[in-house]
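Subject: The structure to look at, with notes

Dear colleague,

Here is the structure for you to open alongside this message. Please keep it on screen while you read the notes that follow.

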Amino acid sequence: MQGIWTTARIRAAEDRLLAVTPDGELMRRAAFGLATQVSAVLAEGAGGVSGRRAVLLVGSGNNGGDALWAGAFLRRRGVAVTAVLLDPAKTHAAGLAALRRSGGRAVSSVDGPQWISRADVVVDGIVGISARGPLRPEAARLAGLVEAPVVAVDLPSGVDPDTGAADGPHVTATRTVTFGALKPVHALAPQECGEVVLVDIGLRPSLGEPDLYRLEPADIAAVWPVPGPGDDKYSQGVVGIAAGSATYPGAAVLASGSAVQATAGMVRYAGHAADVVRARWPEIVATGSVTDAGRVQAWVVGPGIGTGAEGREVLRHILGQDVPVCADADATTIIAHTPEVLDARDPDTPLVLTPHAGEYERLMGRRPGVDRVAAAREAAAKYDAVVLLKGHCTVVAAPDGRVAVNQPHGSWLATAGSGDVLTGLVGSLLAAGLDPWLAAAAAAQVHSLAGALAAEDVPTSASGLVAAIPAALRLIRAVA
Ligand SMILES: NC(=O)C1=CN([C@@H]2O[C@H](COP(=O)(O)OP(=O)(O)OC[C@H]3O[C@@H](n4cnc5c(N)ncnc54)[C@H](O)[C@@H]3O)[C@@H](O)[C@H]2O)[C@@H](O)CC1
Ligand SMILES: Nc1ncnc2c1ncn2[C@@H]1O[C@H](COP(=O)(O)OP(=O)(O)O)[C@@H](O)[C@H]1O
Ligand SMILES: [K+]
């Protein structure tokens, strides 16, 4: 798993490392790595390095210092470097001296626009992990003029380092070069960061346990159930799907189909869309009611069941079965409106809730807000459940505080029925006995990958997502 640390934890670790490292050494390591990446962007975008023009946007902190030192390294490779100083009196003195010694130029922000307009690459050293609030007007004005590819130092300035919120003026980078460890912004605002490159400055041993995680293919491949020699259709975990209705059978077909594709074992369906489900997925054992569905090791409940009395009874019955439950869509709304249905649940049985922002508001009485990690954690604590908060970057929080952030592969999942596919994936993994947090996080990752594979650069449908699940799993197992 990739670890991600909040800026408070990063700062504390940096302080510990700085105390045992020669003065300026960490910044030199950071700046050397940064210069290497700026050269690579120049080589790719401007056809070479020597003779190309780099403009550094330099704020008043160490982030600007990194940019200035990198400018000095770039001068050695023949790059024409101009630093635009946002606050000349507070500029990092050693960095500025190094740039000047190397033959680089420094100008004030008044002269910035003419240099920015001729740049082959712009290095964003406006602000790093100590940023507070949106970009100040002068920084925002200069950042708004940039047309060249941007290499962001540590993070794209103006994007909140800990929440990834980008609701004010901010930089959008082609590449972000970060130091020591990934910060929340890199996982929560991938569209602002571009490609993220992590430069090792020796911080890892000082960091401790991560605050957030991102699953890698190897993590998913290691836990995704595949049958072994001793397995049969029951031993891998049977998942039950309570979804859809006679009027709206689609949710049932999508959630059940997703479960069929996800794992080998067996899928049971219970609800008013049994005939349609059977016709589309003959391998499913389908029945009309959850009370005669047979034994399962986990239930998926909610998509398309309605929010009335019947849906409530279905949910209450399922919560009383002492098996893990993924409650999605209408089940989320039922829980929000009649939380006493949860009394049927044995507190030891895992529950996964999968709200989108609107369902979250129903559950919690407020929108998730900009701090989506905190929002997911609060809901997980309130409901003693794993909460998968849907969005471009889906956040999965466990009641014990663990949080995983999903890596999106584009926005192809923004299609009707896509959530039904996700819930089928989660249910299959719960039935196989996975830890519910890991189940939800792995499902989200496979869901996004299936979206990208189904789309191949043109919009896909939820049915396309279901069809692409095997390809996503094949890819994950191949690269692990
Ligand atoms: N401490 C260390 O050991 C290392 C720090 N490094 C760099 O240092 C950075 C952190 O440096 P600092 O703590 O000095 O702080 P920053 O450079 O992140 O920013 C602080 C400065 O920016 C200004 N500022 C804050 N919010 C602003 C806004 N919204 N708009 C415009 N200006 C704003 C503040 O007035 C302050 O002077 C990291 O992001 C990284 O780039 C790296 O060199 C690696 C080693
Ligand atoms: N812009 C986006 N980028 C990436 N994923 C998205 C985006 N919009 C929605 N998704 C994902 O698509 C799914 C939509 O689920 P949901 O809102 O329940 O839709 P539906 O009810 O139509 O199935 C969620 O997994 C969500 O994270
Ligand atoms: K920056």
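Predicted model: local features only at pLDDT ≥ 70, side-chain atom pairs only at ≥ 80, totals over all residues.

Over residues 6-209, what percentage of the chain is helix and what percentage is strand, and how far apart are the end C-alpha atoms? Over that stretch the chain is 40% helix and 17% strand, and its end C-alpha atoms are 11 Å apart; helices here are DSSP runs of H or I with at least four residues, and strands are DSSP runs of E with at least two, numbered from the N terminus.

Residues are numbered from 1 along each chain as its sequence is written, and chains are lettered from A and ligands numbered from 1 in the order in which they are written.

Domains

The protein chain is divided into domain 1 (2-213) and domain 2 (217-479), with bounds that come from an automatic or database domain assignment. Their centres, taken over C-alpha atoms, are separated by 40 Å, and 9 residues of domain 1 are in contact with 9 residues of domain 2, where contact requires that two C-beta atoms, placed from the backbone, lie within 7 Å. On the side of domain 1 that touches domain 2, α7 (184-188) and β9 (212-214) each supply at least two residues, and the largest share, 3 residues, comes from α7. By class, that side has 7 nonpolar, 1 polar and 1 charged residues; Ala, Val, Leu, Ile, Met, Phe, Trp, Tyr, Cys and Pro count as nonpolar, Asp, Glu, Lys and Arg as charged, and the others, Gly among them, as polar.

The unreviewed UniProt entry places the feature "binding site" at Asn63, Asp124 and Ser157. These residues span 95 residues in sequence, yet no two of their C-alpha atoms are more than 9.8 Å apart, so they gather at one spot. Asn63 is in helix α3 (residues 62-76) and counts as buried, with 25 C-beta neighbours inside 10 Å; a residue is buried if 20 or more other C-beta atoms lie within 10 Å of its own, exposed if 12 or fewer, and partly exposed in between, with C-beta atoms placed from the backbone. Leaving aside residues up to four places away in sequence, Asn63 touches Gly125, Ile126, Val127, Gly128, Val153 and Asp154.

Asp154 lies in the loop between β6 and β7, is buried with 29 C-beta neighbours inside 10 Å, and has a phi near 70 degrees, a positive value in a residue other than glycine. Ser157 is placed in the loop between β6 (150-153) and β7 (175-179) and is buried, with 28 other C-beta atoms within 10 Å. Among the residues that Ser157 touches, again not counting those up to four places away in sequence, are Asp124, Ile126 and His170.

Of the 27 residues around ligand 1, Gly61, Asn62, Asn63, Gly128 and Ser130 come nearest; a residue is near a molecule if its C-beta atom, placed from the backbone, lies within 6 Å of it. The shell around ligand 1 takes at least two residues from each of α1 (7-18), α2 (25-46) and α3, and divides by class into 14 nonpolar, 8 polar and 5 charged residues.

Helix α10 (residues 250-262) has 13 residues and reaches 18 Å from its first C-alpha to its last, close to the 18 Å expected at 1.5 Å a residue, the expected span being 1.5 Å times one less than the number of residues. Since 13 of the 13 residues of α10 are buried, α10 is largely enclosed by the rest of the structure.

With best wishes

Definitions and conventions:
UniProt positions renumbered as here; feature names shortened; annotations may be inferred.
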